[in-house]
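Could you look through the model below before reading my comments? I have set them out as numbered points.

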Amino acid sequence: MPASEAIEMRGCQHAKYWFDDGSVIVTISQILSKSRDSAEGAVLFKLHSSLLARHSTYFSRVLDGAGTVCGEERLKSDNLAAGSCIPMVTVLPALGVRVDDFVSLLEHLYHDTPLSSKTPFTHVASILRVSSPSQLDFPRLHELARGYLEAMFPSGPLPFTHPSHLEEVLALTRTYKIGSIRKGIYYSLVTTTDFEPEEVDEKGEDVNRDDKLSQHQNGIVEDPSTRYAVLLPADVERCGKLMAGIVDHFTPILFTPPTTPHIACTDVFADKWMSLVIQSAISDGGVYKPLETLEFVKQLDWAAEGLCPACVREKREEWTEEQVVVWEKMDGWIG
């Protein structure tokens, strides 16, 4: 739309990001629609065009041809003087930009909540999405958010901790091709969830799976609580293969007491392995958690049980090596 052509301003002003000295109004729909042009419940932001254009490829492009809204055409705003005009950019719902994600981006740009190593996952994920090339295209900010996301999740066997938001972060790693942490996410899904759809019909099929997948894949979800509540069929299959690989590989290791060069130390393992290791693994699901189980075994006070210092050191090194072996084999199990 030519800059000289006035357009109508509709929606409610954002309580915080409506600056009196702002030089552009940005409109974001609160509810996304499958229609490319329809929007419902828009939120208006009065921002500084130079800041947006400097960091965003999208805004640097659309601001050149932005239409204008003038004071006498306002509906709910008293912040535009009669006769004054200001450029206005309406972000089409088809881009999938959400108000909460856009607010997170503004919190960073205006230094209210800048990204850091202490930033919560939800904030990082919002900025990663909204700054991506498929949305508002803030290249440097997108790379920064990507780096913080990768730092939040395990990318190796030592140490291994289970994060939250597994389904959501897996979707992000796929969408933005973040392969470094994907293996750990699959491992966490296998070891901490049932990785299966919750609602099934008499055939064992997810009742709402097609609708959820369609929404998930197209970035169109009207209910935030279901935004990342489902795994893709390929992910469920990979989780199943990973579980099978773990069980086949780790079960013989877990249920076979180790041996050592010293008969006395081997006898200690033969005597204590069942009570200290196997029973514990069975009771807390450690059979399916090789990384954690091996770490648990390493931390046991084997010297107090009668192992000599040399055997304690040797076996802990072997268990550490086995953790690495499991981690590397996961590539093949996941496929």
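1. Basis of the note. This is a predicted model, in which local features need pLDDT of at least 70 and side-chain atom pairs count only at pLDDT 80 or more, while totals for chains, interfaces and linings use all residues. Residues are numbered from 1 along each chain as its sequence is written, and side-chain values use heavy atoms, with hydrogens and water left out.

2. Confidence. The chain averages a pLDDT (the predictor's confidence in each residue, from 0 to 100) of 83, and 77% of the residues score at least 70. Helices here are DSSP runs of H or I with at least four residues, numbered from the N terminus; confidence is highest in helix α3 (residues 99–109), at 97, and lowest in helix α8 (residues 209–218), at a mean of 44.

3. Stretches to read with care. Residues 1–7 stay under 50 in pLDDT, and the model gives them 20 contacts (heavy atoms within 4.5 Å) beyond four places in sequence. The pLDDT is also below 50 over residues 197–228, a stretch with 53 contacts in the model beyond near neighbours in sequence.

4. Helix α13. Spanning residues 309–334, α13 has 26 residues and reaches 38 Å from its first C-alpha to its last, close to the 38 Å expected at 1.5 Å a residue, where the expected span is 1.5 Å times one less than the number of residues. Its buried residues (buried means under 20% relative accessible area, exposed over 50%, partly exposed in between, with a 1.4 Å probe and protein chains only) include Trp 319, Trp 327 and Trp 333, together with Lys 315 and Glu 322. Among the elements that cover the buried residues of α13 are α7 (182–192), α10 (263–284) and α11 (290–299). After α13 comes Gly 335, with a positive phi near 80°.

5. Packing of α9 on α13. These two helices pack at an angle of about 145° with their axes 9 Å apart, the axes being lines fitted to C-alpha atoms over the stretch in contact and the angles running from 0 to 180 degrees between N-to-C directions. The residues that make the contact include Leu 242, Gly 245 and Ile 246 of α9 and Val 326, Met 330 and Trp 333 of α13. By class, this contact has 8 nonpolar, 2 polar and 4 charged residues, with Ala, Val, Leu, Ile, Met, Phe, Trp, Tyr, Cys and Pro counted as nonpolar, Asp, Glu, Lys and Arg as charged, and the others, Gly among them, as polar.

6. Helix α6. This helix (residues 166–175) is mostly covered, with 7 of its 10 residues buried, and the buried set includes Glu 168 and Thr 173 as well as Leu 170 and Leu 172. Lys 177, which follows α6, has a positive phi near 55°.

7. Loop residues with positive phi. His 111 is not a glycine, yet its phi is positive at about 65°; it sits in the loop between α3 and α4 (121–130) and is exposed, with a relative accessible area of 64%. Asp 137, likewise not a glycine, has a positive phi of about 55° and lies in the loop between α4 and α5 (139–152), where it counts as buried at 17% relative accessibility.

8. Gly 285. In the loop between α10 and α11, Gly 285 is partly exposed, with a relative accessible area of 21%. Gly 285 and Thr 192 are 93 residues apart in sequence, and their C-alpha atoms are 9.6 Å apart in space.
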